[in-house]
Amino acid sequence: MTIPQPNSVMPARGPVAMYSLIAAESAIFTIFVVAYLFYIGKSQTGPQPKDVLDAPIFYSLCLLSSSLTIHLAVEALRKGRGRNFNMWWGSTILLGVIFLFGTASEWHRLIYRDGLTISTNLFGTTYYSLVGLHGFHVVAGLLCLITVMAFALMGTVTSRHAPRAYVLSLYWHFVDVVWVVVFTVVYVIGR
Amino acid sequence: MSTETMAWPTARVASRPFVDRLHEWVTTVDHKQLGIMYILYALFFLVIGGIEATIIRIQLIRPNYDFVSPQLFNRLFTMHGTTMIFFVAMPIVFGFANYLVPLMIGARDMAFPRLNAFSFWMTAFGGLLLYFSLVGANGLYGAGNAPDVGWFAYAPLTSLAFSPGHSTDYWTLSILVSGFGSIGTAINILATIVCMRCPGMTLGKMPLLAWLNLVMSSMVLFVVSPLTAAQIMLLIDRFLGGHFFDSQAGGSAVLWMHFFWIFGHPEVYILVIPAFAFMSEIIPVFSRKVIFGYPIMVAATVGIGFLSMAVWAHHMFTIGMTSNANSFFVLSTMAVSIPTGIKIFNWLGTMWGGKIQFKTPMLFSIGFLFQFLIAGLTGIMLGAAPFDWQLAASYFLVAHFHYVIVGAILFALFAAFYYWYPKMSGKMYSETLGKWHFWLFTAGFHLTFDVMHIPGLLGMPRRIYTYEAGRGWEIWNLIVTIGVVFQAVGILVFVFNLVWSYFRGKPSGNDPWDAWTLEWSTSSPPPAYNFATIPTVRSRRPLWDLKHPDDPDWKYE
């Protein structure tokens, strides 16, 4: 029996899986954000957010602009422009590292100058957990980006790998979007 | 349909050394082998969790009994609940999804075979971690071994002050680790169903099992993740001195309840939706009719998926929420009964006028229908806040959720075991033993869990170590424990049937049930690559089309 072959094109599995992971991660972040919002103003001892927190505008801009650079990097890879890819991908890593440095110096200041640790009060517990969870995701993303960079410097990344770089860029965009939420919750609403 | 099954040589190949075969299984990334490993792993823990339940019931057989110590009793019900949900029900559901989904959608494997193996070993590691607490938790503190905080581990029981030592740490870590495994598998199932379907299999032509597992996997993403987040918070509290659930520092014990039940209630649906999936495949085949109301079935499942995420606080009526919150959660809970009722009517509509064959899978399916209905009815009773205030945390509640998990989910799983056993093993199980299993287990189930409602109505609280005579609970507890004997014998018959049939059973052939979905077009058991050529389908019942070229389904769909 012959049956006419219907045409059907299935979506690529990489982006589908990454969107699923992003959905799961969003749920994790939602719970931490809810806990942060729920505990605003409930700390029984100091320091309070308004006394010690300054919005890290510069570092946030660095992280957000890294979304643009990784997009340009993937576009360059698609068109087979290896050198442009290396440049944009490298600047993404650099911007991510600058952001992490910002978090590190903020934490250093909070711990050593203001005496706020994760066990000091509810603010400390929720602040370090939420910002730390995001920072952990930045670190994970950076490790992946650096792995790709190493292969790129060895010259093994070609336009064939553009779909995979695209999947990774989805994750990086997600990390950036989460920062917008965390920034709003911690430095705008919570202060 | 372009898959003609090939004739396989019957000559026996000399069996390979044991180490070789073990190495193959440990390093495998094949979805069928991983599926079977999930299922065997879950069966192993089913026996352990069953033994724990049996000891609990022996302790409660008569008043003022001291078969075990109160401390051990607390550990037993904690381990029983945690084991049964996280290391029996979840892996068994994932095991069947792993095995069946690629075969049913005409794919050669899951979308990410290595992620699949990783997820399985994470889940396996989680189970080992939970039971390693028996050895490891004692540690330096000399303070209890296995976790004893209950399966939902309410704060402040889990705080360092009330849970010294490491038993609670093992509990939270094992759930965290197996949660990562669950999320990995869910992503994999989702990507497989969305991206790996064979040509012609549009979403509307997928077998219902694939559809329902798609919904289940999406729910896992949104539901297991909050539990993971809550476990991270608990770890921060216990190891880093955080205050998330520490009421002395302004933290909230109720927040933990919310976070737990945001997971906990949809979890029931994560388990029961695959049970619905088995029913939706098995009932049509043994009624010799196409499923009634396919699109409504899909819509009802998606509806249940959404609704189930908005009902969690009906587990918390007794903590004193506002009346607005109570009303909302009563109404949303009642609303779930609508899509669920639609499903029951669809299965009945499928059976109506069919030529019903009372094989073992069908017997368990019919048992499922009755018992799921009753479980749903007591669910509506407990979903009404005033009733719940009276009977929450009583044995009525325990009877209700065991009716769901044993009477519905486990019965559906047994049906699935018997239905797909010939496909997985290549051997036919013994129908006589299967019927013995069904009748023994059904009798035991009703003795135990029908009767268990009564001491609950008479005021017997759950989780008590023992009780005094003269409250009118004695006879009921005795009958409940007697029911366990029948269930245990039924399980023994079941396991014996599986093992005996594997070695001595008759070859089953490729399609023993004259069924209609793609997995029955492969050999039994299917070859590693599943399909020599990827099939093309035109209807929801591709094998029907193949067997009846004169009257194919695609003319009518």
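What share of the 191 residues in chain A is buried? Buried residues make up 35% of them, where buried means that 20 or more other C-beta atoms lie within 10 Å of the residue's own, exposed means 12 or fewer, and partly exposed is in between, with C-beta atoms placed from the backbone. Before going further, please keep in mind that this is a predicted model, in which local features need pLDDT of at least 70 and side-chain atom pairs count only at pLDDT 80 or more, while totals for chains, interfaces and linings use all residues. Residues are numbered from 1 along each chain as its sequence is written, and chains are lettered from A and ligands numbered from 1 in the order in which they are written.

Let us stay with chain A for a moment. Chain A has six helices and zero strands; helices (H or I, at least four residues) and strands (E, at least two) are DSSP runs, numbered from the N terminus. Its pattern along the sequence reads α-α-α-α-α-α. The C-alpha trace of chain A spans about 75 × 45 × 20 Å along its principal axes. Among its contacts between residues at least 6 apart in sequence, 84% join residues at least 24 apart; two residues are in contact if their C-beta atoms, placed from the backbone, lie within 7 Å. A:Phe101 is exposed, because it has 12 other C-beta atoms within 10 Å. Between A:Phe101 and A:Met10 there are 91 residues in sequence and 42 Å in space, C-alpha to C-alpha.

Now turn to chain B. Chain B holds 15 helices and zero strands, and 55% of its 557 residues count as buried. Its C-alpha atoms fill a box of roughly 70 × 50 × 40 Å, taken along the principal axes. A compact globule with 557 residues would have a radius of gyration near 24 Å, and chain B agrees with its 24 Å; that radius is taken over C-alpha atoms, and the globule rule is 2.2 Å times the number of residues to the power 0.38. In chain B, 81% of contacts between residues at least 6 apart in sequence join residues at least 24 apart.

Where do the two chains meet? The contact takes 35 residues from chain B and 30 residues from chain A. On the chain B side, the elements giving two or more residues are helix H5 (167-195), helix H6 (208-240) and helix H7 (253-287). H6(B) gives the most, with ten residues. The chain B side divides into 23 nonpolar, ten polar and two charged residues; here Ala, Val, Leu, Ile, Met, Phe, Trp, Tyr, Cys and Pro count as nonpolar, Asp, Glu, Lys and Arg as charged, and the others, Gly among them, as polar.

Helix H8 (residues 294-307) of chain B packs with helix H9 (residues 323-351) of chain B at an angle of about 155°, their axes 9 Å apart; axes are lines fitted to C-alpha atoms, for helices over the stretch in contact, and angles run from 0 to 180 degrees between N-to-C directions. That makes H8(B) roughly antiparallel to H9(B), given that angles under 35 degrees count as roughly parallel, over 145 as roughly antiparallel, 65 to 115 as roughly perpendicular and the rest as oblique. The crossing of H8(B) and H9(B) is left-handed, meaning that the near helix is turned anticlockwise from the far one by less than a right angle, with clockwise giving right-handed. Residues of H8(B) in this contact include B:Ile296 and B:Leu307, and those of H9(B) include B:Ser332 and B:Asn346.

H7(B) also packs with H9(B), at an angle of about 15° with axes 9 Å apart, and the two are therefore roughly parallel to each other. This crossing is right-handed. Among the contact residues are B:Phe276 of H7(B) and B:Trp347 of H9(B).

Finally, a look at the backbone. Most residues other than glycine have a negative phi, and most peptide bonds are trans. A cis peptide bond joins B:Ala155 and B:Pro156, with omega about 0°. The bond from B:Ser524 to B:Pro525 is cis too, with omega near -10°. B:Asn530 has a positive phi near 65° and lies in the loop between H14 and H15 of chain B. B:Asn530 counts as buried, because it has 23 C-beta neighbours inside 10 Å.
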